[in-house]
Amino acid sequence: MTPGPIEEALRARREAGRKLLVPYVTGGLNDDWVRVVEAVAAAGADAVEIGIPFSDPVMDGPVIQEASQQALAAGATPGSILADVARIDVDVPLVVMTYYNIVFRAGHRRFAQSLAEQGVSGAILPDLPLIELDGWGRAADEAGVETILLVAPNTPDGTLSEICSRSRGWVYGVAVMGVTGERTTLASTAAVLGRRLKAATDKPVLLGVGVGTPEQAAEATVDADGVIVGSALVRRLLEGVGPDGAADFVAALRAGLDRT
Amino acid sequence: MTSLMGQPTSDGRFGEFGGRFLPESLIPACAELETAFTEAWADAAFHDEYESVLRDYGGRPTPVTECRNLSAQLGIRVLLKREDLAHTGSHKINNVIGQALLARRMGKTRLIAETGAGQHGVATATAAALLGFECRIYMGAVDVVRQALNVFRMELLGAEVVPVSSGSRTLKDAINETLREWVATVGATHYCLGSVMGPHPYPWMVREFQRIVGTEAHGQCRELLDGADPDVVVACVGGGSNAAGTFAGFVDTDARLVGVEPAGGAAIGRGIPGVVHGSKSYLLQDEHGQVLEAHSLSAGLDYPGVGPEHAHLAASGRVTYHAAGDAEVLDAFSLLARTEGIIPALEPAHALAWVIRAAGTDDLPAGCTVMVTLSGRGDKDVAQVAAMFEQSGLLSPRG
């Protein structure tokens, strides 16, 4: 398959010598979340991940669990979040991150089409592994939505190559054996996985989970093309920093990456 | 096509249900477990060890008891498969002994598990003590309060009990938290899942470890009934492990099979297909796909999903599923105590409640024979039931 818009955009930036940065924002968290997305995009993000909250997020640690519960309690639904997304004005690709039951309930084709219609270019479903990808993968391809697949530190080599070849947009390396959340240091698994992925694919390789500071972002991109930062940003949003504070944090991450 | 209650397909499907919907980090562990179980279950030495532990330590076989007083009152013949008499007080021991022996064979040193009512947690802590595993049990904060005695039991057995305060703070959230820990500790840790749910191979493996209930009951009923099978076989269904084990022994007979769900958590009765905790099955969820909280007085059935094989058995028509409400469950709890001197756990009291309601109707015509799996004993529930009788101010246990 030819690269889609996300992969094209990220490749172009990588080729220009830039390290890639994808912040994660929980959709529906606080009334100003749309402005948060716009602010982090303007502050140096190369794409933005928007979480559609799910009641049972098994891949998420306490911070994103809390953000998801707050958003759900405030009445966020997949439909309300996608309607808000349509109003977002940014010049970087938007990617939705949610859990498979949200997609399954809506129906593969309907969900893929609604993403495309609202201007979402990609999707990440952390509980839909390669072996279960079929139905959604086809529907997403048909709608032009790039499904970004995850690789874990313990993924065997054969599966790793299959995931790299099937993933669209970028390849998401899970930097640590564990769920989302900040860690005091970057896990030793990050560098190993980054190198394995870079050896297996020419697609952009981004590491996420346990990458939460400018220093960790810089360290992770020694062996990868970029990073995804979720809990460290969402914690700040839960603490009330708002769009400006989110932009400051993303700018600091950007500066950390640009120094490398 | 797979035959009913045989092996699932290679991708873990029972009909359209089942599968392995988990983060990529856990896929290698599920594959490793599938290989290990497949090899062990084909190994006569493993069967010997599993059966001898359940016999010499677990108290198997459990008897089938004919309930003469209850039968006279209901006008039908009621037999109980007495899993309440198994070590630790429920059928849960069958599964955990199987999984703990398997985990040892796989070289794991640590067991983690979720628990609702606490029965599976107690059973896992027991197996861990017996076989020398470290053990951590995740339990919803609501259930920690409801089942304080079982928390103490687990701690007495050397396990660490971790209260889970996320989400609805019950069984479903305990499973989420156990899965989250497993993602981080998967190398040396075996997730000892308590029911016929979760990702492949768990629904199949747990049913096979519970098949002993149905196999024994089938033979015991034939002895009691002069070579005949019961007309109807009934078991309660939360995740559905005692029912799956029971039905596995009778699926190839002419017996009608009935599963009884709690009215407040009737995934088959009121759910629609969905995916949570690793597999596709019927699920209580809203129009957007958010999982709903189940509401049952029984912590062990307080779960919004159901094992994928039950979804398939329901779709195939081989098993019929009904629901029982809290009030009739309490009545059944008291009735069995008074008529037979057996205090059932609240979970199988659901199965009894349906039997009491259906007795004399077309579902259970006068004179028919029904076997109910009494999956556990009610000791754990008496404090909760006493408080409910007191609160309701209506009926004393004497009725």
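I counted eight cavities of 30 Å³ or more in this predicted model. A cavity here is a set of points, on a 1 Å grid over the protein atoms alone, where a 1.4 Å probe fits but cannot get out; lining residues have an atom within 4 Å of a point. Volume is the space filled by probe spheres set on the points, which are joined across faces, edges and corners.

I took the largest cavity next and read a volume of about 330 Å³. I found 33 lining residues, with B:His91, B:Lys92, B:Gly300, B:Leu301 and B:Glu347 nearest the centre. Among the elements of chain B that give two or more residues to this lining are strand E5 (110–115) and helix H14 (346–358). Helices (H or I, at least four residues) and strands (E, at least two) are DSSP runs, numbered from the N terminus.

The second largest cavity came out at about 150 Å³. I noted 18 lining residues; A:Tyr172 and A:Ser231 are among the closest to its centre.

Then I checked cysteines. I found zero disulfides over all chains (a disulfide is a pair of cysteine sulfur atoms within 2.5 Å).

Notes on method: residues are numbered from 1 along each chain, and chains are lettered from A in the order written. Local features need pLDDT of at least 70, side-chain atom pairs count only at pLDDT 80 or more, totals for chains, interfaces and linings use all residues, and side-chain values use heavy atoms, without hydrogens and water.

Notes. 1 Å grid on protein atoms, 1.4 Å probe; cavity = no way out; pocket = protein on both sides within 12 Å on 5 of 7 lines; lining within 4 Å.
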